[in-house]
Amino acid sequence: MTENSFQHGEKNRYFAAKAIHAVIYKGQSLRRWSEQQKQLKLTTQAERFISAYLLGSLRWFVQNKTILKSLLRSPIKDKDKIVEILLCCAIYEITRMRTPDYAVVDSTVEAVKIAKKGHLKALSNATLRNFIRSKEEFIKTARLSLEGRYSFPLWFIKQTKQDYPNDWQTILDASNQVPQLWLCINTSKISLAEYQQQLLIQTGQKGVLLYGFPHAIGLQQNTNPTELPGFSDNLFHVQSPGAQLAAEILKPEKDDFILDACAAPGGKSLHLLYKEQSINLTAIDVSRQRFPMLEENISRTKLKAILICNDLLAPEKWWNRKKFTKILLDVPCTSSGVVNRDQDIKYLRRASDTDMYHHKQMSLLQAAWDLLEHDGVLLYCTCSIFSEENTKTIKQFLTLNKNASILEIKNVDALKKWGVIKTENGVQLIPGKGLNDGFFYSLLHKG
């Protein structure tokens, strides 16, 4: 990008700062911002700048707030927190983007004015110029604290260190890396090699392949999936490798009756159908906000599945009394293993959430178990790295259900190659061990 492309972006900076303010101080998901962004009809250049500015600022906000604290004589008042956000974003832009320093200062001060905080323009100007003069010193000082070093809330750092005393630093560093875009290729329509060739011809990207993942291909993070070859022909959907392991472990077979519980937005359902289209698949989700995404994704591919918007905990409202041979239960969790893809998780989760999710997971697991036939299998999974949501949940479930036992997860090539922590109750992928995804899988047999 040229220098001039940055110099008139005050409104873009203010718009992004408002989204960050909503995440950090109002507890809103970035999904709301994405919906608003679509309505603005921004240029491609503006979209890319805002995305880099917003997501990068969120990724390093904890560190940059630590830096800002040392730059200010007193904290910024609650009613003026949008200025705090803009200054932290400016620190990110100065340290990690290619914007000239003077352009960052000028645009940020103008964004402060747009925010109707003109009384803080002089403070903003002076603070940023002070940082620019001695930025290495300010950064070095901030990194002396755990929050400043890893840019995570302290509770998250402590929990990660407790669960992974030998890997916690690697996990936190990997969780701050910019993720790749991963596709799950519909190999019932096109082979991975053929799609890779189409991709190279039409986009110039060769794509990254991973041993043990027969449907996965990775691309540059700023790639727009709708512009990729085969989008309108349903040749792929977006899904990370860690999530793709679900279908590889469950191994759908001809005429299986499978329940995908907590199914929205539908990536795992699609992958199961890619692998074996003859399965009788029922996909259920309770969320009226997320269910339309499940409907859209399944209908777009023209694959067959029964879709139900209802509560797994109330089977009397939707279940036809025919038990399932296999169940995939991807339960709600803290999402602590996929922070690199969803940076708002750092600010939307609290230390108390792990216990709350644990109780919810136990309820869902018991409800799903009652729908499973004798000799059937249930795959429990989370995108969490915290033991309270994973091994503790399974251990407690086994104690309460004597007809449940753990099956060894085997004959999955990906697990032989990529870093996995084997637990007594399943397998745990952690960020920083090759895949940068944190997923837990436990395969249960009903006997």
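User: What volume does the second largest pocket have, and how is such a pocket found?

Analyst: Rolling a probe the size of a water molecule over the atoms shows where empty space is left. A pocket is an open set of points on a 1 Å grid over the protein atoms alone where a 1.4 Å probe fits, with protein on both sides within 12 Å along at least five of seven lines. In this predicted model, where local features need pLDDT of at least 70, side-chain atom pairs count only at pLDDT 80 or more, and totals for chains, interfaces and linings use all residues, the second largest pocket has a volume of about 460 Å³. Residues are numbered from 1 along each chain as its sequence is written, and side-chain values use heavy atoms, with hydrogens and water left out.

User: Which residues are closest to the centre of the second largest pocket, and which helix supplies the largest share of its lining?

Analyst: Lining residues have an atom within 4 Å of a point; of the 22 here, Tyr25, Phe61, Val62, Lys65 and Glu84 are the closest to the centre. Helix H4 gives the largest share of the lining, six residues, where helices are DSSP runs (H or I, at least four residues) numbered from the N terminus.

User: How do the axes of H4 and H8 cross?

Analyst: Axes are lines fitted to C-alpha atoms, for helices over the stretch in contact, with angles from 0 to 180 degrees between N-to-C directions. The axes of H4 (residues 61–71) and H8 (residues 135–142) come within 9 Å and cross at roughly 115°, which makes H4 roughly perpendicular to H8 (65 to 115 degrees). Through contacts (heavy atoms within 4.5 Å), Gln63, Thr66, Ile67, Ser70 and Leu71 in H4 meet Phe138, Ile139 and Ala142 in H8.

Note on methods: Helix = DSSP H or I, 4+ residues; strand = E, 2+ residues; numbered from the N terminus. Parallel < 35°, antiparallel > 145°, perpendicular 65-115°, else oblique. Points joined across faces, edges and corners; volume = space filled by probe spheres on them.
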